[in-house]
Amino acid sequence: MIRLTVLYNLRPDVDEKEFLEWRLTEHQKSNSSMPGVVHTDFAQNNLAWPPNTKPKYRFMTTAEWQNMGEFEEVFYDPTFQEELQNGVEKTLSDYVFLIGDVLISSGSTD
């Protein structure tokens with residue numbers, strides 16, 4: 001399993017409320033419909049550890065693919081890269097994109 005984790009803050013000129021309205025609807029639908037994506041989520045980081053530590057990143061997005069080939073086909077597509085770069089430049093600051101190879105995972109016990 002390949003997990004893309006994006007940690008980020010918003011640029012100072014981006015309205016957080018408007019961003020969340022877009023991110024929780026249109027953009028979540030877009031992320032979840034990318035070819036090969038088996039899971040994606042979005043989190044707002046409100047707390048950090050140790051106590052009284054401010055989170056370095058306000059938001060976190062993850063998306064998962066079954067294998068590196070499927071991930072690379074989508075993520076490194078020139079059209080996707082152009083759209084991603086444009087979105088990042090307009091919206092994000094202090095961001096990092098991490099590409100992880102999940103070595104072990106456990107499912108929910110629901």
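Contact here means heavy atoms within 4.5 Å. Helices (H or I, at least four residues) and strands (E, at least two) are DSSP runs, numbered from the N terminus.

This is a predicted model, where local features need pLDDT of at least 70 and side-chain atom pairs pLDDT 80 or more, while totals for chains, interfaces and linings use all residues. Residues are numbered from 1 along each chain as its sequence is written, and side-chain values use heavy atoms, with hydrogens and water left out.

Then I looked up the pocket. The largest pocket is lined by 24 residues, and Trp22, His27, Asn31, Phe80 and Leu84 lie nearest its centre. I noted that a pocket is an open set of points on a 1 Å grid over the protein atoms alone, where a 1.4 Å probe fits, with protein on both sides within 12 Å along at least five of seven lines; lining residues have an atom within 4 Å of a point. α1 gives the most to this lining, with seven residues.

Last, I checked the loop between β2 and β3, where Asn45 lies. Asn45 is buried, at 18% relative accessible area. Leaving aside neighbours within four places in sequence, I found Asn45 in contact with Pro55, Tyr57, Arg58, Phe59 and Met60.

How values were computed: Buried means under 20% relative accessible area, exposed over 50%, partly exposed in between (1.4 Å probe, protein chains only).
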